[in-house]
Amino acid sequence: MMESTFDHENNDFYEPLWDQSMEIERSEGSQDQMLQSGRVDFCDSTALLQAVVFVEDAVKYRSINHKIDPASLWYYRLYYSRPVQWMVYAAITLIHLLAFLEHPSSLTWSSDPYYRGDVPEVPCWLTTTLEAVCLTILAADVSMKIYLIGRSQLVKSRWIMAYVIIVLVSIVDCMITAASGCSAFRARRILRPFFLLQSSSLIKKTARCIMNTLPKVASVLCLVMLHIFIFSVFGMLLFPKQPMKRQYSNITKPTDSPPDCVTVGYSGYCEDPPPKANQFNEGIEYFNNITTSFVSLLVLLTTANNPDVMMPAYQVNRLSSLYFISFLAIGLYFFFNMLTAVIYNEFRGFFYNSMQSSYFRRRLGFQAAFEMLRCQGRGRVNLPASATVGAGVVKSVILQAKIKRSARKAIIGELDAMMGGSLTVADFQQLFDVLDRETVHITPPLRTVTHPRLKILQRIVISKWFEYLGTTVATFNVIIISVEIAIQDQNIFDDANYIGINIGCIVFYSIEQVAKIWALGWKRYAASRMNLFDGALTLVLLCFMVLSLVVYSIDDTESNVYITVDDPGDTVAFLPLYDLTRIVNMVIIFRFTRMIAKFETMSVVASTLVDLVRNLRALIGSLVVIYYVFAILGMEIFQNKIDHPGHIKRDNYTCGSYEQLDYWANNFDDFASTLVVLWDVMVVNNWHIFLDAYSRYTKGWAKMYFIAWFFTSVLVFMNVFTALILENFIIKWDRRQTDRNNRGPNRAPALLVSLHTMFRNELHEPTEEELLHEIYNHPHIEHLVALGR
């Protein structure tokens, strides 16, 4: 197909059209034919280009509020071309990765201050230059966006306005850094996540939905805070603090005994008095003041210090456990579950509205494309408002629009079937429903076998019993590997026995795959992803088996393979037999995951996980944003606040403290280690150790940073993640049940599982009047009002 060309002298855009439409346009009787049929059978280059761009906008859920003159549309398609978009994404990625290279750099193997040694620093001029290049690309990106939408729409777009401001602030701050020799405070680093946030409409929608959910979430969080506060006050009253006193019971202390010992029996032997639980230890350690009480119970609510926090009181009186059990039962099992329910309900509601807006935007784009084709016909030959569009004209649009290959093939097939006919606006809209449906793959036929005995062998290979045999052998192999690992230190069996079993199983796997390829035929074999998975791993196992045999056959006590280096007399050992065996075992165990497909529930869970990884990029992008912001903020606050003391025994520190647990590598001294600390806190286990350590080495207000991160990451984002997992799993399970009940050749393809199709069956279908009203108010389609009404 010919490429489109732009005539700069005449300021016009020409698209190659199919020959029949050009002939109809040139024919003298074409206008009379169109008037009689009420159908648009020709299309000029401008209308075609406009329709193509609007279709592409609809496919990508983009807004159609941009300029539509030929020159602007040429730049518009250039801007959304893959090379340009990849360049913008590369700039956004690079400007975020600079945090690993900038001072303090993360270019050391260890983050422990004692082991990392000298930290290599990337020259400041290099990082500043790379950042300046990225900012230049982003400045060009926002400038192009402003040009394409027009200055009138700029004021209405808050995202682009914020984009302009942040780019300008970053450029000014970068110039200040360059002028000061990189000694100035780099405030722009905390603004970088905005570039990622605005780069995706789904990330923006997710962030907007989370922000809209926060008011309702705040009400539940206030209840949680009130719950903690009330129990903090009760705790201070139930467990008061008193000075420690030594008490002795039923022991006589003679006058001639030393003052610090007691006499045991009649031998005169002197020893320390027996310990006794102190009833005031609980108040001294965990309820010393209102702040300590509040933090202790907040950590207890995450179960990170359970049952440590109650043990001093529980040692004295077992009834004190009722206080802590009541606190956890109310807070953990009621309020936290209620918080999950509120976030699920509110986020789902706001996300539903957001997806309704996106669905309306898609329908609006298709409607606008249809109006471009229909209105140019009404303008030339005065066709009625209800005019249809010829299938050939629509095919010209589809052939030139950027649509995924499978959808284009399906749409072209439908248009070819109705060639010579016409499409109404409803037909045109329905034509693109294939975009959100799974591609129907036709299973290739079995290999044709004529020999009677070979037919019997083919039936055996493709039967379920042959599959059961392969599963049994794989299970046996995994059991043997598990036994080998469990008793590897007892030297009960020779390693050669295990290697022989692995070799025998690998030979069976190879025969199994060859038999399947022969029986099914390559096309049918390759049509199954599970077959390709098995075949690829079997090929890897076969290669490692051959290499293991080569290593085992070498007459060398170390059983190593040697390579020669530059010096003829020197050799370097690599790939010992033990390492090869471990690699083979890991591949065999990984191959065993094919068992997931054999069980329906496990298969649904696994496919849901795959869909989550593929479709939840918006939530992951939002999580990257908050990680980046908190990491930069944490580095500015806590960088180099904790110094490693050197060779000091861990026993010299308080048991369970940051120092005694040897947590020195968990610090805020560089960006990479900061991300690990944030992850450790988000996992919750032992997060109170970081909270205590950095509040001791800095100030008490440092606790607010970790508490804010806990609330943001755990209570908000992880609950949103849980909500989306629930929604995805419910949709996947319901569709699996529907497919089971509606099996047959006439079953319609299922909807793709994505964020946009998550609520498709519940979304409101916009009417043609609503869509036309929006089109007639388009800032750059004023002439449609005169032509279309």
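A network of salt bridges links Glu102, Glu131, Asp173, Arg188, Arg189, Arg192 and Glu636, a salt bridge being a side-chain nitrogen of Lys or Arg within 4 Å of a carboxyl oxygen of Asp or Glu. The structure holds 20 salt bridges. The model is predicted, so that local features need pLDDT of at least 70 and side-chain atom pairs count only at pLDDT 80 or more, whereas totals for chains, interfaces and linings use all residues. Residues are numbered from 1 along each chain as its sequence is written, and side-chain values use heavy atoms, with hydrogens and water left out.

Glu56 and Arg77 meet through their side chains at 2.7 Å, N to O. This pair links distant parts of the chain, with Glu56 in helix H3 (residues 45-59) and Arg77 in helix H4 (residues 70-79), 21 residues apart; helices are DSSP runs (H or I, at least four residues) numbered from the N terminus. Glu56 counts as buried at 5% relative accessibility, and Arg77 counts as buried at 14%. Buried denotes under 20% relative accessible area, exposed over 50%, and partly exposed in between (1.4 Å probe, protein chains only).

The side chains of Asp433 and Arg363 form a salt bridge of 3.2 Å, N to O. Asp433 lies in the loop between helix H17 (425-431) and helix H18 (452-462), and Arg363 in helix H14, so the pair ties together parts that are 70 residues apart in sequence. Asp433 is partly exposed at 29% relative accessibility, whereas Arg363 is buried at 7%.

In the salt bridge between Glu659 and Arg696, the closest N and O atoms are 3.2 Å apart. Here too, distant parts of the chain are linked: Glu659 belongs to the loop between helix H25 (617-638) and helix H26 (671-683), Arg696 to helix H27 (residues 687-697), and the two are 37 residues apart. Glu659 is buried at 4% relative accessibility, while Arg696 is partly exposed at 42%.

Aromatic rings were also examined. A search of the whole structure finds 46 aromatic pairs, in which rings of Phe, Tyr and Trp (its six-membered ring) have centres within 6.5 Å; planes under 30 degrees apart count as stacked, over 60 as edge-to-face and the rest as tilted. Phe347 and Phe351 form a stacked pair, 5.4 Å centre to centre with 20° between the planes. These residues are separated by about one helical turn because they are four residues apart in helix H14 (residues 321-381). Phe347 is buried, with a relative accessible area of 2%, and Phe351 is buried at 2%.

Charges also sit over rings, a term applied if NZ of Lys or CZ of Arg is within 6 Å of the ring centre and within 35 degrees of the ring normal. The charged end of Arg62 sits over the ring of Tyr80, 3.9 Å from its centre, and that of Arg591 sits over the ring of Tyr509, 4.0 Å from its centre. Tyr80 is also in contact (heavy atoms within 4.5 Å) with Gln85, as is Tyr79, neighbours of Gln85 within four places in sequence being left aside. Gln85 is found in helix H5 (residues 82-97) and is buried at 12% relative accessibility.

Helix H10 (residues 201-238) contributes the largest share of the nonpolar patch, seven residues. Leu238 lies in helix H10 and is exposed, with a relative accessible area of 53%.
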